[in-house]
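Me: Can you walk me through this fold? Start with how you define things.

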Amino acid sequence: MKAEIEYLELDENIEWNNLINKVLEKCFEVEKMDDFKLYISVTLTNPENIRKLNKEYRDIDKETDVLSFPMFEKKEIQALKNLQYEEALGDIVISIERVKEQAIEYGHSFERELSYMLVHGFYHLMGEDHIEESDKIKMRAKEENVLEMLNIIRES
């Protein structure tokens, strides 16, 4: 298992757990890190809790869809290959309400939106960002590659 999943003021959902593990396992595989002793802490929560975290850690008093908290710098990640004990690559926090809203807004499934947020969060933990347009293009290509490999495609 590549995910440690927590529900913060939400009921646990086995289908979501299975999807989260499937998506994150594919992320690690694609990045050739499936044999690393790494996992990701995933918290599923509501808009109020994600807003509090966004304010506390980013000083942005606004709800968001996903937050990522990396534990390592990009340049440190390959050195984690030989870890003796399991270590967290970082934390991803997702607002399930926003997943539902954005799935409707973008005209695709809940599964697609949750998967996208996981992959997006994963690449932030890997040190990727989308501030510069060139970085955004690179990050989006990586995200879409993982989702296509899982056959979790945009519905038209």
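Reply: Axes are lines fitted to C-alpha atoms, for helices over the stretch in contact, and angles run from 0 to 180 degrees between N-to-C directions. Helices (H or I, at least four residues) and strands (E, at least two) are DSSP runs, numbered from the N terminus. This is a predicted model: local features need pLDDT of at least 70, side-chain atom pairs count only at pLDDT 80 or more, and totals for chains, interfaces and linings use all residues. Residues are numbered from 1 along each chain as its sequence is written, and side-chain values use heavy atoms, with hydrogens and water left out.

Me: At what angle do α1 and α5 cross?
Reply: Roughly 120 degrees, and the axes of α1 (residues 14-30) and α5 (residues 133-149) come within 10 Å.

Me: Which residues make the contact?
Reply: K26, C27 and V30 from α1, with N145, V146 and M149 from α5. Contact means heavy atoms within 4.5 Å.

Me: OK, the sheet. What is the strand order?
Reply: β1-β2-β4-β3, in an open sheet of four strands with mixed pairing. Strands pair if DSSP finds at least two bridges between them. The edge strands are β1 (3-7) and β3 (66-70).

Me: Parallel or antiparallel for β1 and β2?
Reply: Parallel, over five bridges, with β2 at residues 38-45. E4 sits opposite S41 in β2.

Me: Which strands does α4 lie across?
Reply: Helix α4 (residues 110-125) lies across β2, β3 and β4, at about 140 degrees to β4. Helix α3 (residues 96-106) lies across β2 and β4 (87-95), at about 60 degrees to β4.
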